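Subject: Handing over a protein model

Hello,

Here is the structure I promised you. Please open it and keep it beside this email while you read.

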Amino acid sequence: MTIHMNRWDSAKHSKSMAETPLLQNLTLLSTQISEISTFKTVIKSQCWDLSRRVRFLAPLFQELHDEVVSTHAVPYDALASLEEALLKAKDLLEFATRGSQLFMILEREQIKHKFTDVAVRFERGINKIPFDVLGISEEVKEQVALVTAQFTRAKEQFDAPGLQLYEHLLSVYKQSHDVKTETAELRLMCEKLQFLNANDIKQESVAIQKMVADRGDHFEKTAQDMSNVLKKIEHFLAIESGSEGFPPHTDEPCVKLCPQSLVIPDEFRCPISLELMKDPVIICTGQTYERSCIKKWLKAGHGTCPKTQQILSSTVLIPNHVLYSLISNWCEANGVEPPKRLGSLRLYKIMSDGSSEFIDLNILMRKLASSDLEDQRCTAGELRLLAKHNGHNRVLIAEAGAIPPLVDLLYAHDACTQEHAVTALLNLSIHEDIKECIMASGAVPGILHVLENGSMEARENAAATFFSLSVVDENKEPIGGSGAIQALVTLFCQGSQRGKVDAATALFSLCLYQGNRGRAIRAGIAPKLIEMLTKPGGEMRDEALAIMAVVVSHPDGKAAIGSINVVLTLVELINNGSPRNKENATSVLVHLCSGNPLHLSFVSSIGVINPLLDLAENGSDRGKRKAAQLLELIGDHCEYTSKTVN
């Protein structure tokens, strides 16, 4: 095979081919960095900014696969620079998860230098990549340009960790450990560093000792001074809490009604207080806590889930009525005074004769939480109908805590129960805020289970649920990474007519995220798209063309789709298709013809100029832009051919 050597010499090309594992390492490092999610308070915002920028670069590493690198000879030092930048970023973020906050403040200028150095390394590495000769999609180019600009600003405008904190800490740091420190200074430090209880102090002390072990004897004096400061903070917190040992500070006890000999089930205990819950609420991570305890946690400034340490995307507290009912039943069965019952929640239901009635939601929740399979099946079916058309019902059902038990029912052996559960989640997901609750409840694996194993109607509704959830951009990556793409492609190829449409809609939405396009190609979607596009009758042509216009921007997609018979069909659609199909067909041809003289010769010879001129004048903004791009490619090709012949 002859490889055309564009602007780079053969020596660089050979080295690039020899170092393709380096490219794989870039992808691995970016993935590892994206999994680092818990940072110390004092530099949390800087760490999140760096982590986010690395995640935005991940699609670039995916597109710079071995074939692209070897063909266009991306300079070795560009990849090496990016690898070094990723390693530095990973080390810095890992330090930010376990290092001493007091040290970060005292060494604020050194920390600032490290973040600036990482930004400079990324900027240099990216600038060495010859984007003009690579088959990188426009979306990724735009994303990389944005991230590069952010790194440029970051190295110029980076804010070192809290100047005010530094001044207060330095004042305390310089005093001997037996000098009384101003209460206001210590209070500010505790608030800003989120030192709230004995456990926080213990974690900081462990971080200091770990740094001594890592840095050797020369660090011991600094560590001793920081430990003295920590003792003052510990003493201050003990006085503030009114206890020398200052256990975690809470409001009044949650529920102290149980005889000491009675063992409370673990699932009924609050993870914070370890007491029986009287008012259980669900937070956005899907975990349940006693209301007063989690409110105290949030009020103290924590932005994470106490149990999982996940970053909280919302501080909304949703009553867990299912668990409340279980706790009430357990209390009654064991002779314990039950917590005060919540008010009745009623759902609005339209009857078949046009009349209406109200349904007691508490009763439904008790049935949903029961061990009776018939109760579970009937309740899931009832919730499915109640959530179908009524937005108010959706909110009440979600707030009642129905989502976690519905997710559990996705694994039910009974096909009808499984179908009711996934359809109820589909109907609930229509409400934008509830999408987040469904994702937080860990529903994706269960929905995938239904998509792969359920009845055809359940599989159709599972695909529709994935589409509904993927409308939120943040959900596209976790859904795509779960294995859902392969299952959706299978339904798209083998399902019922409705199943194919539902799968196509979900695939189109998910593939708007660059990382999912390669997954769809690897799942074998390209041959089916070509079949649907060229098949007489065009039953699924619109859907196939829309997906093709997205996945063809991926290098593997372009290679898999670029056949002559597809090009001819695309030209026919530009001539006679609907406005949307003309636009999508033109978009596909722009990608197929870029850098492909054979396709350009074929397209320019079969009468597509006039339809393209019409689209460039009368189409949508996107249609005008794509038509102009294709006309320019054809014009350049014809001019080059003419010069060659002459």
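Start at Leu274, which is exposed, with a relative accessible area of 52%. In this email, buried means under 20% relative accessible area, exposed means over 50%, and partly exposed is in between (1.4 Å probe, protein chains only). Leu274 sits in the loop between α12 (220-241) and β1 (280-282). Helices (H or I, at least four residues) and strands (E, at least two) are DSSP runs, numbered from the N terminus. The phi of Leu274 is positive, near 65 degrees, and this residue is not a glycine. Most residues other than glycine have a negative phi.

Before you go on, note how the values were made. This is a predicted model, in which local features need pLDDT of at least 70 and side-chain atom pairs count only at pLDDT 80 or more, while totals for chains, interfaces and linings use all residues. Residues are numbered from 1 along each chain as its sequence is written, and side-chain values use heavy atoms, with hydrogens and water left out.

**Confidence and overall build**

pLDDT is the predictor's confidence in each residue, from 0 to 100. The protein chain averages 79, and 81% of its residues score at least 70. Residues 1-20 fall below 50; this stretch has 23 contacts in the model beyond near neighbours in sequence. Residues 66-71 are also below 50, with 15 such contacts. A contact means heavy atoms within 4.5 Å.

The chain has 33 helices and 5 strands. Of its 646 residues, 50% count as buried. Take the contacts between residues at least 6 apart in sequence: 69% of them join residues at least 24 apart.

**Another positive phi**

Gln309 is not a glycine either, yet its phi is positive, about 65 degrees. Look for Gln309 in the loop between α13 (291-299) and β3 (318-319). Gln309 is partly exposed, at 32% relative accessibility.

**Helices with a buried side**

An α-helix has 3.6 residues a turn, so residues three or four places apart point the same way. Keep that in mind here.

Which residues of helix α32 (residues 609-618) are buried? They are Pro611, Leu612 and Leu615. They share one side of α32, because they cover an arc of only 100 degrees around the axis. That arc is taken from the directions from the helix axis to the C-beta atoms. Asn610, Glu617 and Asn618 are exposed on the other side of α32.

Now try helix α31 (residues 597-604), where His599, Leu600 and Val603 are buried. Their arc is only 100 degrees, so they lie on the same side of α31. The face turned away from them carries the exposed residues Pro597 and Leu598.

In α20, the buried residues are Ile434, Lys435, Ile438 and Met439. They fall within an arc of 145 degrees, so they line one face of the helix. They pack against α17 (391-399), α18, α19 (415-428), α21 (443-453), α22 (456-470) and α23 (473-494). Gly442 follows α20 and has a positive phi, near 75 degrees.

**Two pairs along the chain**

Val395 belongs to helix α17. Val395 is partly exposed, at 26% relative accessible area. Leaving aside neighbours within four places in sequence, Val395 is in contact with His431 and Ile434. Val395 and His431 are 36 residues apart along the chain, but their C-alpha atoms are separated by 7.7 Å.

Val120 is in helix α7 (residues 108-127). Val120 is buried, at 19%. Phe151 is 31 residues from Val120 along the chain, and their C-alpha atoms are separated by 7.2 Å.

**The cavity**

How many cavities of 30 Å³ or more does a search of the whole structure find? It finds 1. Here a cavity is a set of points, on a 1 Å grid over the protein atoms alone, where a 1.4 Å probe fits but cannot get out. Grid points are joined across faces, edges and corners, and a volume is the space filled by probe spheres set on the points. The largest cavity has a volume of about 100 Å³.

Its lining has 13 residues, and Ile282, Ile318, Ile403, Pro404 and Cys437 lie nearest its centre. Lining residues have an atom within 4 Å of a point. α18 (403-409) and α20 (432-440) each supply at least two residues of the lining. By class, the lining has 9 nonpolar, 4 polar and no charged residues. Ala, Val, Leu, Ile, Met, Phe, Trp, Tyr, Cys and Pro count as nonpolar, Asp, Glu, Lys and Arg as charged, and the others, Gly among them, as polar.

Best wishes

Methods
1 Å grid on protein atoms, 1.4 Å probe; cavity = no way out; pocket = protein on both sides within 12 Å on 5 of 7 lines; lining within 4 Å.
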